Amino acid sequence: MSADSLALLRKNAGQEISALAEEHFKHDLQDSDRDALKSAASKISTHVSIGSALGLGLGALLAFRLRRTRMQMFNAFRAHEKPTHVKFADGREEAIPDVTQYMRPSLLGDVAAYTFFGFGGLFVGGETGLLTGGASAGRRITRDPESRERIETAFRRFRADVLRKEADALDKRKGVTELLGL
């Protein structure tokens, strides 16, 4: 599993592309556009952080509830009277082993439950935060039609420059992963 699997830990693009984006950010946009983009980016970051924290908490809560349920089931199983022998039709009797010790919740099971539920909650919460933050940021950017047009134009110019750089790198036999900084 790579660090890119979790929304909270995703890296930025390579340094060349970041510098190119910064150049377009400074020259193609007005101050109000830059503020709108920074506000949108902080919304996404906030939503991802809150979603990750909530997901981690929810995962821990579910693991705790699972542990408590397992302990209740074990105590109920232990308290019931269990048969000790089985009598077959031919009159033969066989002892039934006591399996209570194998049903007891273990520390390893608790660690596994908290770990997997925690990571699952972190993943689900972070990705949900990314979706809600992206939607909120999109609404923030598209609120002003003129600003939206300038931002879209700047993005198209940036994307065209990135594609030109990638094409130049391919013509020079430089790997795309090297260009992207991966």
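Which residues are buried in α2? They are Asp-33, Arg-34, Ala-36, Ala-40, Val-48, Gly-51, Ser-52, Gly-55, Gly-59, Ala-63 and Phe-74, where buried means under 20% relative accessible area, exposed over 50% and partly exposed in between (1.4 Å probe, protein chains only). This is a predicted model, in which local features need pLDDT of at least 70 and side-chain atom pairs count only at pLDDT 80 or more, while totals for chains, interfaces and linings use all residues. Residues are numbered from 1 along each chain as its sequence is written, and side-chain values use heavy atoms, with hydrogens and water left out.

**The chain as a whole**

- The secondary structure comes to six helices and two strands; helices (H or I, at least four residues) and strands (E, at least two) are DSSP runs, numbered from the N terminus.
- Along the sequence, these elements follow the pattern α-α-β-β-α-α-α-α.
- Of the 182 residues in the chain, 23% are buried.
- Among contacts (heavy atoms within 4.5 Å) between residues at least 6 apart in sequence, 72% join residues at least 24 apart.

**Helix α2**

- With 49 residues, α2 reaches 71 Å from its first C-alpha to its last, close to the 72 Å expected at 1.5 Å a residue; the expected span is 1.5 Å times one less than the number of residues.
- The cover over the buried residues of α2 includes α1 (15-27), α3 (100-103), α4 and α5.
- Ala-60 is found in α2 and is partly exposed, with a relative accessible area of 33%.
- Between Ala-60 and Phe-119 there are 9.3 Å in space, C-alpha to C-alpha, although they are 59 residues apart in sequence.

- Helix α5 (residues 145-171) has 27 residues and reaches 39 Å from its first C-alpha to its last, close to the 39 Å expected.
- Its buried residues are Ser-147, Ile-151, Ala-154, Phe-158, Val-162, Glu-166 and Ala-169.
- The axes of α2 (residues 31-79) and α5 come within 10 Å and cross at roughly 80°; axes are lines fitted to C-alpha atoms, for helices over the stretch in contact, and angles run from 0 to 180 degrees between N-to-C directions.
- That makes α2 roughly perpendicular to α5, a term for angles of 65 to 115 degrees.
- Ser-32, Asp-33 and Leu-37 in α2 meet Ser-147, Arg-150 and Ile-151 in α5.
- The residues of this contact divide into two nonpolar, two polar and two charged; Ala, Val, Leu, Ile, Met, Phe, Trp, Tyr, Cys and Pro count as nonpolar, Asp, Glu, Lys and Arg as charged, and the others, Gly among them, as polar.
- Just after α5, Arg-173 takes a positive phi of about 65°.

**The largest nonpolar core**

- Seven residues make up the largest nonpolar core: Phe-25, Leu-29, Ala-40, Ala-137, Ile-141, Ile-151 and Ala-154. Such a core is a set of buried Ala, Val, Leu, Ile, Met, Phe, Trp, Tyr and Cys residues joined through side-chain atoms within 4.5 Å.
- The elements giving two or more residues to this core are α4 (107-141) and α5.
- Apart from neighbours within four places in sequence, Ala-40 is in contact with Ala-137 and Ile-141.

- Asp-110 lies in α4 and counts as buried at 10% relative accessibility.
- Not counting residues up to four places away in sequence, Asp-110 touches Arg-67 and Arg-70.
- Val-111 and Ala-63 are 48 residues apart in sequence and 9.3 Å apart in space, C-alpha to C-alpha.

How values were computed. Parallel < 35°, antiparallel > 145°, perpendicular 65-115°, else oblique.
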